[in-house]
Amino acid sequence: MLSNLDALMHGFSVALTAHHLMLMMAGVLLGVLVGVLPGLGAPNGVTLLLPLTFTMDPVSAIILLTSLYWGALFGGSTTSILFNIPGEPSSVATTFDGYPMARQGRASEALTLAFLSAGIGAMVGIVVITLLSSAVASFALRFGPPEYFAVYFLAFASFIAFGGGAPLKTIVSLGLGFGFGMMGMDTVSGSMRLTFDIPELIRGISFLVVVIGLFGLGELLLTIEEGPEFKGANGRLDPRAMLRALVSLPRYWVAVLRGSAVGVWMGITPGGPTAASFMSYGLARRMSRNGARFGQGEPEGVIAPETADHSAGTSAMLPMLALGIPGSATSAVMLGGLMIWGLNPGPMLFTEQRDFVWGMIASMYLGNVIGVVLALATVPLFAAMLSVSFSVIGPIIVTVCLVGAYTVAGAPFDLWLALVFGAAGFLMKKLDYPLAPLVLAMVIGDKAEDAFRQSMLLSNGSLGVLWSNPLVGTLSTLAVLFLLWPVMAALLGRHRTSRAMKLAQAENRA
C-alpha cells in the first residue's frame with residue numbers, strides 16, 4: 001500500500017509539468033469535441049489521434065490519449081442531456097432522464113449532477129487502480145504461457161457471458177476478429193494466411209483501419225439513416241441551479257456508491273462502460289424509492305449511469321496495463337498504441353517502465369478534474385456547435401476518418417478497407433452484433449495464439465497443461481464456466497418457467 005502511494009507521488013512528479021498539463025487540457029477539449037459529435041466516439045477519437053503520437057515519448061502520448069478518453073465520456077453526456085443524442089454509446093442510458101430534465105428547464109441541474117457524479121465515479125476507479133495495480137502486477141509475474149492463454153481465454157469467455165449482447169453474435173464477432181487478425185504472414189511458420197492472393201493483405205490488416213471503419217464511418221452511416229435532428233434544450237447554465245444540484249448530490253450517495261461498484265467490476269471485466277451504465281441504471285430504477293419516476297426526469301436516473309460509465313472507463317485501464325487485456329473498446333485501441341510505442345503490457349511494465357505507468361495513473365487524477373471543469377465551461381459552446389447542419393459536420397467526420405486511415409501506413413488500399421469496414425460496422429450495429437469483441441480479438445488474438453502454441457509445445461500437445469496447477473486450473477475452469485454460462489442461464493430460466501406453470505396448473509385444479 002505504502003509502496004503504491006510512494007509510486008503515485010513519483011507519478012505526480014512526472015505528470016505535473018507544464019507540457020503535460022497542456023496536453024491534458026488539449027486532450028480533454030478534443031475528447032469533449034469527439035464526444036459531442038455523433039459519428040465519432042472515444043475509440044475512434046483515440047484511433048485518429050494515435051498516429052500523431054508516434055513521434056512523442058510514451059508518457060506524453062498516453063497522457064494525451066487518456067485525457068481525450070475522459071473528455072469524450074463527458075462530451076457524450078452533454079449531447080445526451082441537451083439534445084437526446086448520445087455522443088457515446090455509454091451515454092445512451094443518460095438520455096432516459098437527462099433529456100426530460102432538460103426539457104423541463106432543468107438542464108443546468110442535470111449537467112451538473114452528471115459531471116459531478118461522473119467525476120466521483122472516475123476517482124473511485126482511479127483509486128482502485130492505485131491500490132490494486134502493484135498487487136495485480138505481482139500476481140501476474142507467476143504467469144507462464146498456459147496461464148496467459150487461460151487469461152486470454154477468460155477474457156473472450158467473459159465477453160460471451162457478460163458482454164450484454166446475444167452470446168452467438170458475440171462469438172461471431174470474436175471469430176471475425178480472429179480471422180482479420182490472422183491475415184498476413186504467420187509469425188511462427190512464415191507462411192501466408194487468408195491473403196486470398198491479394199498482395200496488399202500480406203502485411204495484414206491494421207486494427208487502426210478496422211476501428212476507424214467500424215466506429216467512425218459505421219456510426220456515421222447509422223446517424224445518417226436515422227436522420228439526425230439537432231434540436232435540443234437551451235445550453236445556457238444557471239449558476240444557482242448548479243449550486244442547488246451540488247448541494248443535493250449527497251442525498252444520492254447510495255446511487256453513487258452502487259454505480260461506482262458496478263463500474264469498477266464492469267471495467268475490470270470486459271463488460272465496459274456501456275454495459276456498466278445500463279446495469280447501474282437498471283439497478284437504480286429497481287432499488288430506488290423513486291423508481292416509478294424514472295424516465296420522467298429523475299436526478300438519480302442521471303447519477304447512476306454517469307457514475308458507472310466513468311468508473312468503468314477508468315477501471316478498464318488496470319487489466320490493460322497489468323495483464324495486457326483491455327476492459328473496453330477504447331482501452332483495446334490504447335493497448336495497440338502501447339505495442340506501437342515498443343511497450344509490452346504486463347507485470348514487467350510496472351518495473352521496467354515506472355515513469356510511464358505511474359505518470360499515466362497520476363495524470364488520470366488530474367485529467368478527470370480538468371475534465372469536469374472544462375466540460376461545464378464548454379457546454380454553451382458545443383450546444384451552439386450542434387445547431388450547425390449535419391450536412392456540414394458529416395463531411396468533416398468522413399474527411400477526418402479517411403485521413404486517419406491513410407496516415408496509418410500511407411497505403412491507398414487502407415482507404416478501401418476503411419470504407420468496407422464502415423459498411424460492416426453499419427450492418428453489425430443494425431443487426432446488434434457487438435463491435436468490442438471484434439476489436440479485442442484483433443488486438444490480442446495473436447498473443448492468445450502464441451501462448452496456446454507455446455503451451456502445446458510444453459505439454460507435447462496435451463490440453464491437460466491448462467489444469468496443471470491451481471492457478472491455471474482456476475482460470476481455465478472459470479473460462480469454461482463463463483463460456484457455458486449462457487446455456488446454463490437459458491436452461492435455468494426454462495426450468496423456472498416450467499416450474500411456475502406447474503404450480504399455476506396445480507392451483508387452478510385446487
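Predicted model: local features only at pLDDT ≥ 70, side-chain atom pairs only at ≥ 80, totals over all residues.
Me: Happy with that. How many helices and strands does the secondary structure of the protein chain come to?
Reply: Helices (H or I, at least four residues) and strands (E, at least two) are DSSP runs, numbered from the N terminus. Counted that way, the protein chain has 22 helices and two strands.

Me: What share of the 510 residues counts as buried?
Reply: Buried means under 20% relative accessible area, exposed means over 50%, and partly exposed lies in between (1.4 Å probe, protein chains only). The accessible areas themselves come from the Shrake-Rupley method with a 1.4 Å probe, and for residues only the protein chains shown count as cover. The protein chain exposes about 21,500 Å², with carbon and sulfur atoms supplying 67% of it. Of its 510 residues, the buried share is 56%.

Me: Among contacts with a separation of 6 or more, what part comes from residues 24 or more positions apart?
Reply: A contact means heavy atoms within 4.5 Å. Of the contacts in the protein chain with a separation of 6 or more, the part from residues 24 or more positions apart is 78%.

Me: Which residues have the most contacts inside the largest nonpolar core?
Reply: A nonpolar core is a set of buried Ala, Val, Leu, Ile, Met, Phe, Trp, Tyr and Cys residues joined through side-chain atoms within 4.5 Å. The largest one has 84 residues, and a second, separate core of 21 residues includes Leu-201, Ile-205, Val-209 and Leu-214. Inside the largest core, the residues with the most contacts are Met-317, Leu-338 and Phe-356.

Me: Which residues does Met-317 touch, not counting residues up to four places away in sequence?
Reply: Met-317 is one of the residues with the most contacts inside the largest core. With residues up to four places away in sequence left out, the partners of Met-317 are Thr-66, Tyr-69, Trp-70, Ile-129, Ser-331, Met-334, Met-360 and Met-364.

Me: On to charges: which residue pairs with Arg-193 in a salt bridge at 2.8 Å, N to O?
Reply: A salt bridge is a side-chain nitrogen of Lys or Arg within 4 Å of a carboxyl oxygen of Asp or Glu, and the count here comes to four. Arg-193 is buried because its relative accessible area is 17%. Arg-193, Glu-449 and Arg-453 are linked in a network of salt bridges. At 2.8 Å, N to O, the partner of Arg-193 is Glu-449.

Me: Which residues make the nonpolar surface patch of about 500 Å²?
Reply: Patches are made of residues with over 30% relative accessible area and no salt bridge, where like charges are joined within 9 Å and nonpolar side chains (Val, Leu, Ile, Met, Phe, Trp, Tyr) within 5 Å. Leu-484, found in helix H22 (residues 470-509), counts as partly exposed at 43% relative accessibility. The patch is made by Leu-478, Leu-481, Leu-483, Leu-484, Trp-485 and Met-488.

Me: Last one: where is Asn-460?
Reply: Most residues other than glycine have a negative phi. Asn-460 has a positive phi of about 55° although it is not a glycine. Asn-460 counts as exposed because its relative accessibility is 75%. Its place is in the loop between H21 and H22.

Key:
Residues numbered from 1 in each chain as written. Heavy atoms only, no water.
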